[in-house]
Amino acid sequence: MAPHPGIDTDQIKEKARKDLLGLLEGVRGKKNLVIEKSLAGPIGIFVKFSTLQDHGIDKVFFLENDNVDASQKNVIFLARGEKATQPIAIAKQIKRLQKNGSIEHEFSVIWVPRRTLVCNKILEEAGVLGDVGVEEFSLHFIPLEQDLLSLCLEDSFKDLYLQKDPTCIFLAAQALMPIQQAHGLFPRIIGKGDNAHRLMELLLRMRTEQAADDSNTYKFGMLPSASIESLIIMDREIDFATVLLTQLTYEGLIDEMFGVKYNQAEIDSSIVGPASGAQQSGKSVGAPQHQGMKRKIQLDSSDKLYEQLRDANGAIVDGLLNKVARRLQNDMKSRNAESISELRDFVGKLPGYQSEQQSLKIHINLTEEIMKNTQGDIFRRSLEVQQNLYDGSDPSYQHDTIEELISRDVPLTTVLRLLCLESCISGGLRQKDLDNFKRLILHAYGYQHLLTLDALEKMGLLSTRASANVLTNPLGVGGAAAESTKTNYNYLRKVLRLVVDEVNEQNPNDIAYVYSGYAPLSVRLVQSIVQKQHLLTITKGASAASNGVSSVAHGWQGFEDALRNIKGETFNKVQKGEESAVKARHMLAGTGGKPKSVVVMFLGGITFTEIAALRFVARQEEGRRRILICTTDVIGGDGMMEAAIEKGDFGKG
Amino acid sequence: MSNPTAGWERVGNQFYRKIKLYDAVFDQDLELENYVIAGATCSGAIALYRDETKLHTYRGSQTAKSSIDIYSCAGKLIRRINWDKGSIRGLGWSEDENLLVVTEDGTARCYYDLQGNFTQFSLGNDAEEHGVNACRFWSNGFVAILSNNRLIAVSHYKEPRSKLLAIPPEDSVHSWTIIPPAHALSRSVEVLLAIGQTIYVIDSTEAEDQVLPNGPFKHVSVSPNGLYVTLYTEDGHVWVITSDFQNKIGEYDSKAKTLPKDVQWCGNDSVLLAWEDEVHMIGPNGAVLKYYYDGWVHLLADVDGVRLMTNDVCEFLQKVPDMTEDVFKLGSTSSASVLLDAVDQLEKKSPKADENIRLIRPNLPDAVAACVQAAGQEYSTHWQKQLLKAASFGKSVLDLYSSDDFVDMCEKLRVLNAVRDYRIGLPLSLEQYERLTSEKLIQRLINRREYLLAIRVSDYLRLPTNKIYVHWASQKVRNSTAPEDTICNTVVTKLAAKRGISFELIARTAYDEGRSHLATQLLNHESRAGKQVPLLLSMSEDELALDKAIASGDTDLVYFVLLNLKKALPLASFFRLLTHRPLATALVESSARDQDQSLLKDLYYQDDRRLDGANLLFSEALAQNAPQTKVDKLKLASKYLQDSPKAPPASRYHKSYQEAQALIRLQTSLDSDLHAGEKVYTGLSLNATLHRLILTTHGKRANKVASDFRVPEKTFAWTRLRALVAKRDWTELEEIASKNKRSSIGWEPYFNEVLGAGNTKLAGGVFVAKCTGLTVRERSEMWVKCGMIARAGEELAKAKDVEGLEDLRGRASGGGLVEIDRLIGQLRPKR
């Protein structure tokens, strides 16, 4: 994960930190902070709780809990203002405090990432707008890693595909604009999917609007960037199947078993041991209270060991751990230092050894726990079903297994993921089968899931095969129409070589290693742009690659057929600046041979496995180009299902 | 040309200069002594208002009408604002040259453009109740003192919020002032109140007595940098102390019998005392300078000096800047002064010019820089030129010199000279200009409607001109009497090729003027969809506003429009707007889901979206408490679907709804039968219900329920298996095995589950043998799992699988090993 000299993610972090603390300092004296739950995690990435305390925060409350007390005169609310829920909740709590508080409170609201008209209106209608100081905290992208920026919009998947609410597209556009302002226009915006197309249009529109905006008058308008090669936008909708598969990288497995959120995982302390004192002091905002038996584990590149492990296939992690353990032992043994200076060297390294040893212990425990699970019957069976499905064997052979899993009362998400996977890959289920499964699910998990199943159908994750005969046809000729309404995996499997049987997990030679044999379609598409030659060679053979498409081809060239079999619009837009200005810069700067950045934006979420695959691609391209991953949120198959699952049941009352 | 040192006077060891900026400022009839005066910082506009407390001669009804008059420093009337809103208790300026007027009843107006447009806000109930006494202003806020000494602070005008400060004592206030937030330690405004013998410092949280012995203080004044405070005592003493009240800097006895009417700082190192026509300057170390005037004189403190206003002249009093002193001081031998002399000699064609240069050769770069700087401090163009000439001469001798400073200064002077013209009346000093910034200077020109000069200056300084054009167009729209189409044409043709023009602003002006047709026309030229929306909304162009909001892609705007329309329109027309606008519909749906379910119901009904409507009823059923109401809601949902011919899958849903109802009824009866009404079964799924029934030895009932709900055989088998294992009911399991020959799910699951529960005896003893469908090896493996190596061996031996036995041997030990060896031995000989 080399730092990006072009787009400096640390700088984004530092700026966010400064901005937030500045806003908090703007309110004098001690204050209570009421924060929206979904913001606590993201903010914890760049500010520690102790830092907030240093800046006068006394207590932190969650907005959703509605329990802020009158212990401080100053109360600051920190929330997103895109939806009506938060301003309504804030107005209610302000009124409550005003009514029964004995002291006169000073309220301020900080909206993230912008102050919206809606929250203005709601506060105004509630009659509290005059009593609050309103500020904006323009927090867009939050760097999770140096090559990974996330908007951390937890609801983005649900909003986009179930509610059809495109707010996150707009926010993504707003987040990408500053990158253009700082580094110049993306010379090429290329992507796939209807929502991606909308994002591209928004970016173009914002560019023209910015020219008309008086606060931002550039003398010559913007020029295409010299340090960025292109922006690739992937709509999650084009490839749901990848998310539904069980992630098999180490980080992916941790996510599947324990859930990883904002570089942290909450893990039972019976597995990893209780937290040591040192780590507790570094508590982040997200954890004002230490939770009973759970322990938060930091999972990011600050842990050097984890950085090596995270993107490796889960099957080889125990081997890697062994190696590290042995090396560490050797290092520690070499302490019979000869001279004083060597001894000093050794002592200097000691803290490093200790932390490494500690992290080694944690990861050995985690791996053990994961292995216990992966060797279990249920995990193996569901993996088997997945593999058979993407291999293209007749899905109906898998039905017995799925039925059995339902009868065995495995978690609902597991079952739904398998069913949706089948639906996605084979273009829908037969009506009869679907009805049968629905009945089984309603019996096993409760009738409230009638709503769940409906939601899945609405998202297009579950469907019947009614008119889908064309789509199952593996020749892909059905793609005569301009755009496909469903992604045809059966066709793509061959054309893009999604299934790689002889994948080497130890020394990966293809991105398919992240799923032990399946290459995520989304990343294949990225490869079709940035690694055109390479992908042509592995899909069509070396000869076809050399004479099929010229080496200077760009955009989607060479893969048009494949794209026609993927859902949604395809686009490839070149952004140009004013010609005279471009020329002038050419004269001044010449053409540098420095590697350029490719910004890959995943709209609707990205999985850890896809991140691993993109990093793999980035490593192959090292020296030629860098890849910066942007996303609305990091998601997994379970999260995707949770978006649809009805939480209520008939047990109320 | 008069000597530049002509107006200089020495105060202590420093020089002060008084520069005459303009003469014949005000009309001689204007009785300045009867007016309250307020001047904007950085040589901005001056507001005059007749002091109500003073008597004035009656001059007929015409002049009796009270007004606030805004003048430029040169005495040019910019705008007269008629005033009939009551007694004015505060008149002041913000740094953006917004005029603030505060009345006794706590109403504040902010005139933001010098043209009489204003926004208004109130200081709250306290102010209304007790009345405002006076106000003190700082760059972007003010503090008002009420008749009961309460203090109200307003810290910005964009969204003014009045804030009560800590409660001061109620005794009478002799004088007061503020320390602006930028200079206060606490970063929020602090108020100094002279009460009794002492001074109180009041901020938002506390009122602190500074315990000074020398009061009462009749005047309090804070220096521009906020570091020092001047106090004027009743007996004519002037005290200068630090603003933290820790150190005394100086004391001076004015020996004056009458109280000065004003005490102001001039820069940060001297204090002016003003009487009616006399001004005393007290410099450092108590040095004094006195100025006398013919008429009444007003002091207008600025950042780097004081403007003195009389009817005749507008003068600027400031400390002579150091570089100017260096160059011009009599007998100065500084290199800059020598350089200036050199250029003089050069003009006289005297060889002394060269001599001079040689003399200062080592210091020449500094001399050039000093001349450039000094030029910036001059108001007379002659001396500006002379100094620049000197600098130019000096730099021509230098081998290496970056001319940036020189060019920069020339640019600045050109702009300064242009705006210092009496027709413009902005006598900015260089320091003021640098503080103000060129952008704000242009804004000032715009506000004075000096468009041509504004554009010239902008072009000269390479600044954007769009705002100027927009302001011009707005004025055109506001004031022009031409037909609307002509106005539109003029505006559009003039502005067409310009960048960054906000047609929205112009259109809004037109709309505010009541020219809505013109507004629509102009709005069409606005390229930013989002910007058009609010105006369209206020023009009741609902549909257009919604479409533009959608086009902008900003969901906030769409929400906003929808919120407004929902209020404004009858429901039916609101829904009509939604049809064919999927984005708007989606947003209404997702927000209504949390807040307004009945709206959602209506929407679904209107659009005939039966399934969604039924789902909504279904989720309502989930929210119900009593079993009966749940069932009722479900019935309703079912009926809702049936009514519609358009929903083909109705039958399928219908069945599920009915099953759900049946399950609720069943669970209610189970709870009352088995648990005396306690909710144990309620809320469980069907399978969980079966599981629980079996677990609690109600197997028969479970069978019946399963058949009632037509639970598939396999599912039931699994459920029963898991429940029995959980119950550790081994006898029942054994019985199942002995009674049934076949099992719908095979016997392997039985083996696995029983084994998983740790009963190897049962697993191995009963179920391995039943797994007849498996291969020998698999079965032997099952034996091994149960720890029955011998049985595993027998299994293999029966099938004569020597290889398998060999393999098994490797894993066996002790008795098992012997047994397997025996079995191998049995098989071997026969080969």
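**The interface between chains B and A**

Seven salt bridges are counted between chain B and chain A, a salt bridge being a side-chain nitrogen of Lys or Arg within 4 Å of a carboxyl oxygen of Asp or Glu. One salt bridge joins the side chains of Lys714(B) and Asp400(A), at 3.7 Å from N to O. The model is predicted, and local features need pLDDT of at least 70, side-chain atom pairs count only at pLDDT 80 or more, while totals for chains, interfaces and linings use all residues. Side-chain values use heavy atoms, without hydrogens and water, residues are numbered from 1 along each chain as its sequence is written, and chains are lettered from A and ligands numbered from 1 in the order in which they are written.

Turning to the contact as a whole, 66 residues of chain A and 72 residues of chain B take part (contact: heavy atoms within 4.5 Å). Together the two chains bury about 5900 Å², with 52% of it on carbon and sulfur atoms; buried area is the accessible area (1.4 Å probe) lost by two parts on being put together, summed over both. Of the area that chain B buries against chain A, 12% is supplied by Arg161(B), Arg499(B) and Leu622(B), more than by any other three residues.

As for chain A itself, its secondary structure comprises 29 helices and 15 strands, taken as DSSP runs (helices: H or I, at least four residues; strands: E, at least two). Of its 653 residues, 56% are buried, meaning under 20% relative accessible area (1.4 Å probe, protein chains only). Among contacts in chain A with a separation of 6 or more, 80% link residues 24 or more positions apart.

How values were computed:
Buried means under 20% relative accessible area, exposed over 50%, partly exposed in between (1.4 Å probe, protein chains only).
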